[in-house]
Amino acid sequence: MNPNAALPTFRIEAATPIAQRGQALAPPVGLDSPAIEVMTDLTQVKAASVAPGATLAQAELTMIHQGVRMLFVVSELPAIEGLVTTTDLHGDRAMRMINERRVHHDALSVADVMTPLHELEAVAFEALRSATVGNLVATLQRFGHQHVLVVQAATVDTPRRVRGVVSRTQLERQLGRAIAFTEVASSFAEVERALL
């Protein structure tokens, strides 16, 4: 082919799908497996995110398109403001806001129902590297949450950052079985929300 020649072109048919990176099947694990095997490493996988001003419907569509049940709430990358989950979108907090404000579900934003960063549980990446899946199961059971963030300490090259996330759903998928969890309030704010 002539190095200066244009490539031949053609018209694309309607409904031609877009190529997407396939979800790599995570390897099965046991309770003695390294915990790092169940962490979603954000240096390898793009974090799914949503703006705090997005509607709950927009957040839900983003989750569906991304194939996730949790989004990082971000106004300006790379700073994280919190998390929003599928449970948050239709849960008690959303219903309470609807009743308090006397508004429709469509009037709520992600900021209304998200869990702020300072209320989230995190584990150190350095501790996770020497932990087992059993340690992670115990941690998730202790707090009764669906997700735990993994924070990496600052280095000469990088600031302290959220390096990954461990999801109960992913953990159960890789274990091949469900794990018994009980919702636990871990802050006075959560207790107050539960009582209202």
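This is a predicted model: local features need pLDDT of at least 70, side-chain atom pairs count only at pLDDT 80 or more; totals for chains, interfaces and linings use all residues.
Which residues have the most contacts inside the largest nonpolar core of this structure? Residues are numbered from 1 along each chain as its sequence is written, and side-chain values use heavy atoms, with hydrogens and water left out.

Let me start with the whole chain. The secondary structure comes to eight helices and eight strands, where helices (H or I, at least four residues) and strands (E, at least two) are DSSP runs numbered from the N terminus. Of the 196 residues in the protein chain, 35% are buried; buried here means under 20% relative accessible area, exposed means over 50%, and partly exposed lies in between, with a 1.4 Å probe and protein chains only. If we take the contacts with a separation of 6 or more, 60% of them are between residues 24 or more positions apart, a contact being heavy atoms within 4.5 Å.

Now to the opening question. The largest nonpolar core has 18 residues, and those with the most contacts inside it are Val 38, Val 133, Leu 136, Val 166, Leu 171 and Leu 175. By nonpolar core I mean a set of buried Ala, Val, Leu, Ile, Met, Phe, Trp, Tyr and Cys residues joined through side-chain atoms within 4.5 Å. Two or more residues of this core come from each of helix H5 (125–128), helix H6 (133–143), strand E7 (147–152) and helix H7 (168–175), and the largest share, four residues, is that of H6. In soluble globular proteins, nonpolar side chains tend to be buried together. If you look at Leu 136 and leave aside its neighbours within four places in sequence, you will find it in contact with Ala 35, Val 38, Leu 128, Val 148 and Val 166. There is also a second, separate core of 17 residues, which includes Ala 48, Leu 71, Leu 108 and Val 113.

Let us stay with H6. Its buried residues are Val 133, Leu 136, Val 137, Leu 140 and Phe 143, and, seen down the helix axis, they fall within an arc of 145°, so they line one face of H6; the arc is that of the directions from the helix axis to the C-beta atoms. These buried residues pack against H5, E7, strand E8 (161–167) and H7. Gly 134 also lies in H6, but at 25% relative accessibility Gly 134 counts as partly exposed. From Gly 134 to Ser 33 is 101 residues in sequence, and 7.9 Å in space, C-alpha to C-alpha. Just after H6 comes Gly 144, with a positive phi of about 70°.

How do H6 and H7 meet, and at roughly what angle do their axes cross? The axes come within 11 Å and cross at roughly 140°, with axes taken as lines fitted to C-alpha atoms, for helices over the stretch in contact, and angles running from 0 to 180 degrees between N-to-C directions. H6 and H7 are therefore oblique to each other, given that angles under 35 degrees count as roughly parallel, over 145 as roughly antiparallel, 65 to 115 as roughly perpendicular and the rest as oblique. The contact is made by Val 133, Val 137 and Leu 140 of H6 together with Arg 168, Leu 171 and Leu 175 of H7. Six of the eight residues of H7 are buried, so this helix is largely enclosed by the rest of the structure, and H6 and E8 are among the elements that cover those buried residues.

Turning to helix H1 (residues 56–66), we find Leu 56, Ala 59 and Met 63 buried, and these fall within an arc of 60° seen down the axis, so they line one face of H1. The face turned away from that buried side carries the exposed residues Ile 64 and His 65.

Finally, the loop between helix H3 (92–101) and helix H4 (110–113) holds Arg 102, and Ser 109 has its place in that loop too. Arg 102 is exposed, with a relative accessible area of 76%, whereas Ser 109, at 15% relative accessibility, counts as buried. Phi of Arg 102 is near 55°, a positive value in a residue other than glycine.
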